[in-house]
Amino acid sequence: MLSTPAQAQAPLTFGIQPFASPPALFTRYAPLRDWLGTELGQPVRLESARDLPTLLERSREGRYDLILVAPQVVPLLTENGPYRLLVRSEEELAMVLLVRPGGGIDSLAGLAGRSLAVPYKESRAATLARSLTDAQDWPDPPGPPRYLHYHHNSAAVAAFQRGIADALVMIIEGNVLPVRPDMEGARQRHMSLGDGSLVRILAQSERFPGLTLLVHERLDRDTPRLHHRLITLQQSPSGTTLLRHIGHRGFIEAHAGEYAAFQGALDDLEAKFDLRAPIPAGKPTP
């Protein structure tokens with residue numbers, strides 16, 4: 001009977017929060033998966049989930065060796081689970097609320113009774129948009145805007161482009177925006193969507209940390225070297241090519257203090273998803 005080669009190890013699992021469709025995520029992050037496999041000397045497979053609750057449940061069971069998530073998810077995984085900060089993307093993000101130029105919506109008040117295409121309810125985009133619209137005193141009728149939630153950012157964009165919604169809420173790289181002005185009386189500002197269509201920025205949020213890469217404690221031995229290699233990727237031609245493909249300028253140190261502002265959502269998320277306590281290392285999942 002042939003023995004199993006030492007190299008035939010079970011692959012490590014790299015989980016990605018579903019902020020885009022699975023094919024888009026896998027195409028985008030496949031080069032990073034391959035790079036991680038080379039660095040760790042072990043195969044790595046990509047995995048996402050149909051929604052954030054599923055991803056969180058799996059992460060709490062220790063399914064992922066590495067996991068890439070939005071900042072609001074970080075405290076839940078690092079404070080109540082076996083994951084530790086590794087790096088975060090150099091970019092800072094921001095929520096923007098977009099409308100069509102000349103569409104008759106010139107202020108937040110103009111959203112009364114209109115529809116908004118928004119990513120899933122627990123997304124940073126949706127929670128920031130809610131903070132804006134909930135602060136308004138909406139006339140009845142027509143009442144507040146209607147939120148049309150989609151599984152991810154790109155699906156919300158597609159719905160807006162097809163005319164299903166009157167406005168769009170999405171997350172973009174905040175570095176491309178000027179510091180948020182006082183929107184009252186500010187001059188109109190515009191940006192282009194992926195298809196080249198022009199949209200007006202009706203409101204935007206303050207900037208917040210970008211996507212964050214967490215590592216399971218079982219990879220503690222590899223973490224210091226992996227951290228160093230990630231934050232120096234842009235120093236080599238192959239590293240800059242990799243970063244260009246995955247759509248990040250680089251990775252930088254992630255500090256726990258950057259995520260303090262997101263800790264208020266921790267209890268709500270845990271209750272909403274009915275997450276179990278982390279399973280101790282060595283115990284099988286049910």
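The legends below describe close-up views of a predicted model. Local features are given where pLDDT is at least 70 and side-chain atom pairs only at pLDDT 80 or more, while totals for chains, interfaces and linings use all residues. Residues are numbered from 1 along each chain as its sequence is written, and side-chain values use heavy atoms, with hydrogens and water left out.

**View 1. Packing of helix H1 against helix H7**. Helix H1 (residues 22-40) and helix H7 (residues 237-246) pack with their axes 7 Å apart and at an angle of about 150 degrees, where axes are lines fitted to C-alpha atoms over the stretch in contact and angles run from 0 to 180 degrees between N-to-C directions. Helices (H or I, at least four residues) and strands (E, at least two) are DSSP runs numbered from the N terminus. From H1, Thr27, Arg28, Tyr29, Pro31, Leu32 and Trp35 make the contact, and from H7, Leu242, His245 and Ile246, contact meaning heavy atoms within 4.5 Å.

**View 2. The aromatic pair of phenylalanine 19 and tyrosine 29**. This pair is edge-to-face, at 6.5 Å centre to centre and with 90 degrees between the planes; rings of Phe, Tyr and Trp (its six-membered ring) pair if their centres lie within 6.5 Å, and planes under 30 degrees apart count as stacked, over 60 as edge-to-face and the rest as tilted. Phenylalanine 19 belongs to the loop between strand S1 (12-16) and H1, and tyrosine 29 to helix H1, ten residues apart. Both phenylalanine 19 and tyrosine 29 are buried, that is, under 20% relative accessible area with a 1.4 Å probe and protein chains only.

**View 3. The ring cluster of Phe208, Tyr259 and Phe262**. Ring pairs link these three residues. The ring centres of tyrosine 259 and phenylalanine 262 are 6.5 Å apart and their planes are at 45 degrees, so this pair is tilted. Tyrosine 259 is buried at a relative accessible area of 2%, and phenylalanine 262 is likewise buried, at 5%.

**View 4. Surroundings of serine 48**. Serine 48 lies in the loop between strand S2 (44-47) and helix H2 (52-60) and counts as buried at 8% relative accessibility. The side chain of serine 48 reaches the backbone oxygen of isoleucine 16 at 2.9 Å. Leaving aside residues up to four places away in sequence, serine 48 touches Ile16, Gln17, Pro18, Leu25, Phe26, Arg58 and Tyr64.

Terms used. Buried means under 20% relative accessible area, exposed over 50%, partly exposed in between (1.4 Å probe, protein chains only). A polar contact is a pair of N or O atoms within 3.5 Å; within protein, one must be able to donate a hydrogen and the other to accept it, and residues adjacent in sequence count only if both atoms are side-chain atoms.
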